[in-house]
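Have the 3D view ready and follow along.

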Amino acid sequence: MFITKEKNSYICKNRAWVEINLDNLEHNISEIRKIIYKDCKIMAVVKANAYGHGMVEISEKLLELGIDDFAVATLDEGIYLRKNGITGNILILGYTSLKYVDVILKYDLIQTIVDYDYATEISKLNISRKLKAHLKINTGMNRIGEDYNQLSNIQKIYKMDNIRVLGIFTHLSVADSSREDDIQFTKCQIDKFYNLILALKKQGYPLGKIHLQSSYGLLNYPELRVDYVRTGIIMYGIHSDKNIQTKVKLDLKPVLSLKARITSIRNIQKGDFVGYGRTYLANCSMRIATVSVGYADGYPRDLSLKRVKVFVRNQYAEVIGRICMDQLMIDISNIENIKVGDIVTLIGNRKLISAERVASNSKTITNELLSRLGSRLEYITITSKKKTINKDYVV
Ligand SMILES: *Cc1c(COP(=O)(O)O)cnc(C)c1O
């Protein structure tokens with residue numbers, strides 16, 4: 001494998017870093033493309049720093065793969081993509097204060113209309129160009145969106161002077177569930193949305209692009225005819241939760257690994273404690289190592305004292321004591337030949353350290369685990385494709 005790109009190369013791979021495998025991203029995209037209709041496009045959800053994967057590097061690769069529709073959560077994320085040369089459509093999925101409408105226009109971003117009142121506010125602004133927008137419809141999630149049954153309000157939005165409606169969408173709130181009542185609820189959401197679409201269509205409204213599925217909406221309701229699927233988590237090659245069953249199963253490969261280094265090795269005796277709070281007591285003599293990553297990097301403190309594993313020298317080692325802000329300790333009694341500087345993998349493509357496993361160990365979903373990876377981490381991207389190889393950086 002070759003490193004293609006790195007931020008801050010002089011410090012890269014020094015302490016704790018995220019390694020992004022672009023081959024796996026490419027693989028996952030081709031898996032998603034296998035199950036969507038020919039005329040349906042992927043809208044790549046790259047909010048929250050592409051779920052901790054690095055939004056610029058991920059978006060650049062996606063552009064290369066022919067994806068030119070992106071979704072972010074905030075105005076700042078959209079601007080950041082533009083400033084880093086990301087072309088194509090960028091939809092802001094969340095609310096943006098209308099104080100910044102000029103900025104949305106300047107960076108050619110598309111704003112979600114969060115409800116009728118928001119649209120009305122836009123219609124009163126004095127702006128030089130129409131604001132590109134997708135209209136969000138609330139069909140039961142009750143987060144943002146104009147209510148599906150407010151047909152006359154929705155029609156009015158289409159006619160407002162300052163707004164160019166390029167799309168209309170909703171969001172499914174239990175598309176990941178295989179419980180019968182949840183399936184009924186989702187079907188009801190889908191019906192509400194398509195009935196609205198039909199009514200608007202009949203009256204000749206230019207609907208624009210239609211979309212409603214995120215990752216699980218796609219995996220469980222792949223039959224829906226739409227212009228976009230808004231995929232986030234599955235592009236990154238993982239499931240939100242290891243226990244979710246889906247109608248369609250994709251062969252996904254995780255894109256991200258979290259790595260750090262061994263910084264110190266010592267022997268301790270029976271009766272010695274390890275870490276803050278004296279929570280770990282050695283009941284025999286042991287060899288332990290310190291690793292240069294902690295909860296401030298996004299490795300949850302909640303994993304402390306749960307016998308969770310990391311991977312080093314081709315073996316699993318157990319995390320012992322409380323995880324500190326910047327460091328943690330592991331038991332290496334049974335691992336030979338470990339030395340300072342060795343690489344430790346904390347999240348990666350192995351069963352006991354998969355993002356799904358680490359997330360469930362800390363009682364959350366992978367979306368949260370990965371999107372909270374800290375800003376202090378270094379980033380490198382790797383690929384087997386010989387494109388921009390620098391021989392110094394062969395892993
Ligand atoms: C975050 C988000 C998505 C992506 O969800 P995944 O489950 O990661 O695919 C899609 N649509 C909306 C509105 C979102 O907020």
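**Rings and charges**

The charged end of Arg225 sits over the ring of Tyr37, 3.7 Å from the ring's centre. To count, NZ of Lys or CZ of Arg must be within 6 Å of the ring centre and within 35 degrees of the ring normal. Keep in mind that this is a predicted model: local features need pLDDT of at least 70, side-chain atom pairs count only at pLDDT 80 or more, and totals for chains, interfaces and linings use all residues. Residues are numbered from 1 along each chain as its sequence is written, and side-chain values use heavy atoms, with hydrogens and water left out.

*Another charge over a ring*
- Arg278 does this too: its charged end sits over the ring of Phe273, 4.5 Å from the centre.

*Aromatic pairs*
- Searching the whole structure turns up five aromatic pairs.
- Phe193 and Tyr194 have ring centres 5.7 Å apart and planes at 75 degrees, so they pair edge-to-face.
- For rings of Phe, Tyr and Trp (its six-membered ring), a pair needs centres within 6.5 Å; planes under 30 degrees apart are stacked, over 60 edge-to-face, and the rest tilted.
- Phe193 has 0% relative accessibility, so it counts as buried, while Tyr194, at 23%, counts as partly exposed.
- Buried means under 20% relative accessible area, exposed over 50%, and partly exposed in between (1.4 Å probe, protein chains only).
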